[in-house]
Structure formats: structure tokens, C-alpha cells
Amino acid sequence: MTLLTDHPTTRFRSPDDTTAPAPAEARGLARDSVRLMVASSHGITHARFRDLPDHLAPGDLVVVNNSATIAGQVDGHRADHGPVVVHVATPLDDGSWVVELRSAPDAASPVLDAAPGEHVEVGRLVLTLLAPYPAEGSSPTGAGNRLWRVAVDGDLADTLAREGRPISYGYLDRHYPLSAYQSVFSTMPGSAEMPSAGRPFTDALVTRLIAGGVGVAPITLHTGVSSQDAGEAPQPERFEVPETTARLVNAARATGGRVIAVGTTVTRALESAVRPDGRVVATRGWTERVISPSDPARVVDGLITGWHNPEASHLLLVESIAGAGLTQAAYDAAVDEGYLWHEFGDSALLLP
């Protein structure tokens, strides 16, 4: 796995004690009632996600990810080692797959002692570990490999559809159905983990945005597994920026509107479709783009996002858009005010 040469400057204590243990609905809230911090050069405001239209302006464009989450977690068994949890990241163009092996029963930590040629049984299928992905040294801890390219002797997609469950980790209070991991924009199945920044949107909220003159446009980026260690770059991901969205982004920028990306996934897709002249063009394929202050976003003006772990590569992207000072101020306020972390947690609107 590629290691980052840049490191985020934002510092805050680990959010382990402020993780959302369940979806908003299971905590007695509507989806759009999670907390929303609005952080800008004018200061920090604490609101609810349903208040988002009050903080945007006619002519702004909100770009969303329409990728739908698949059931990417399944139980497996390693010969001579016992049970393991398999996280299926993505199929590759050559017919192989990328998977991560994690400890059973709750996927709490990566398994780093696997070796090429090893077999992992998943139901009636056998996965054969071919090579570390994308190269030797998948773990920045310096020991072992976290992601593997595997050959499958059957239909892994069918097995996931029948036996799989959404990828989850030990901080949740129980397993939740796949429907809990979809947003109102989810139409294109393919994400291993939920593009979670879009989850708090509702149909009514989207209607309010459009009625207020704020545009909404889709991209597709199918996420891989998000359990990177500190210092680990995001893996290559499949994406598409359609022609209509490219035109809407260019038009918003030309008329003074702001391009607001809903999540790091949207930012990565849009910034992978920018030409040298600064215009966005229709693009599809695989992106390895790593957005950071040294290679910053060029067309995204604001970001709707959840809260990321210390040292996560996502923080580099956030800092490249919001700036290091505003990012630090937002995280300080989130920690002080008890905002909830992870995929079912609270949100931020960053408007530098």
C-alpha cells in the first residue's frame, strides 16, 4: 500500500468514546436530524442537518455520490488459523478481487500474517491469496499486508448477495440491515463501505435545496474498504463523472456559485476529472488521486463531511479544502461539543 509523504496537521484526541453506535433512526432521530457544524471564516455554528439549505445560496451546486453500498462483509475460515472476517473491497478488471482479512468475530483489527498461496474458505468458495494489493507492504505498520488480490473459484458476487452483510466494526451496538447503509441517492451498487456523507439527506431536504435555487448533481465513486492505518493512502477506486455533472460544475463556477462536495468520495471523483485549464470533463475509470495541501483540490469550494480519525488520509483532503486553521478549529469544537464520529455520526459543512 502506498504510504503518504504528507501528514495532516490537525490534532485531536481519539474519538473512541464519541462514536455513533447506531443509525440515527435507531437512536430516535430522523436522518436529517443529526448534528451539523457549519465552519467558515465567519466562525462556527451548531445546527441540525435539516438546516443545510439555510447555509447555502442560490447558484451553489451540491455534488453527491450515487454509489449504493453492497453487502461486502462475510465470514471465512483460514486453514490452520481458524475464523476470519473477510471484507470485499472491489472486483478488478482481470477478474480477481481485492479483499481485506480482519479478526473474527467483529473485524476489530487487520490480519497481517497471511501469505501468498494461502486459501480462505468463504461458504463453498475458496479464495486464493495471489499477492498483496496494490504492492508488497500493504501495512504502514511495517509488518504484513492488509489488502490482498485474490482468485475466486466461483461467484463471489452471488455469495455476497446471499450470505454477506454490510461491512461493520466493533463500535456498533449490533448489525444493521443493508438498507441502513444507503442514501436517498444510492442507485449504482458497488461501494464496499457506505459513502456516508450523503446519508443524512432526505427527499424533503433535497426538494428544499432545489426550490431554493441550489443545484444537485451526481457522480459515482465506488468506495473500497476504509480501515486504513495512519499514514496509508486511499486505495484506487472506480469512478465516473458524467457529462451533465461536468457541465453543471463548470457553469456554477463560471457564474460565481460554489461547488459543494458531499464527502471525500465526491471530492476525489471531481478532482480526478479536472483538465489543466481547470475545467471538469466527463471522465470514468480508476482514480489514484490523493488530495492534500501539497496537491490541493482545484474545483471544490466547500465540503459536507463526517468526522475522520486522527492521522487518516481523509484529513489531508479536508485540510486542502478548508485550510489547516479552519479544520483544526472545527475538530476542536467537535471534540468539545461531543459530536459523534463514524458512518452513522454527525456532519460538518466546511466553507472556507
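Helices (H or I, at least four residues) and strands (E, at least two) are DSSP runs, numbered from the N terminus. The model is predicted, so local features need pLDDT of at least 70 and side-chain atom pairs count only at pLDDT 80 or more, while totals for chains, interfaces and linings use all residues. Residues are numbered from 1 along each chain as its sequence is written, and side-chain values use heavy atoms, with hydrogens and water left out.

**The sheet and its helices**

Two strands count as paired if DSSP finds at least two bridges between them. An open sheet is built from nine strands with mixed pairing, in the order β2-β1-β17-β16-β14-β3-β12-β13-β15. The edges are taken by β2 and β15 (283–287); each has a single partner strand, so one side of each has no neighbour in the sheet. From one strand to the next, the twist averages 20 degrees. (Axes are lines fitted to C-alpha atoms, for helices over the stretch in contact, and angles run from 0 to 180 degrees between N-to-C directions.)

Helix α5 (residues 313–322) lies across β16 (302–305) and β17 (347–351), at about 145 degrees to β16. Helix α6 (residues 324–337) lies across β1, β2 and β17, at about 150 degrees to β1.

**Salt bridges**

Side chains of opposite charge can pair when their charged atoms come close. A salt bridge is a side-chain nitrogen of Lys or Arg within 4 Å of a carboxyl oxygen of Asp or Glu. The whole structure holds 16 salt bridges. Three of them are listed here.

| Pair | N to O distance |
|---|---|
| Aspartate 60 and arginine 258 | 2.7 Å |
| Arginine 268 and glutamate 237 | 2.6 Å |
| Arginine 275 and aspartate 277 | 2.8 Å |

Aspartate 60 and arginine 258 meet in a salt bridge. This pair links distant parts of the chain, 198 residues apart: aspartate 60 is in the loop between β2 (43–48) and β3 (61–65), and arginine 258 is in the loop between α3 (243–254) and β14 (259–262). Buried means under 20% relative accessible area, exposed over 50%, and partly exposed in between (1.4 Å probe, protein chains only). Aspartate 60 is buried at 4%, whereas arginine 258 is partly exposed at 27%.

Arginine 268 and glutamate 237 also form a salt bridge. Arginine 268 lies in helix α4 (residues 264–271) and glutamate 237 in strand β13 (residues 237–241), so the pair ties together parts 31 residues apart in sequence. Arginine 268 is buried, with a relative accessible area of 5%, and glutamate 237 is buried at 11%. Eight of the eight residues of α4 are buried, so this helix is largely enclosed by the rest of the structure. Among them are Thr264, Val266 and Leu270.

In the salt bridge with aspartate 277, arginine 275 is partly exposed, with a relative accessible area of 36%.

Definitions and conventions. Contact means heavy atoms within 4.5 Å.
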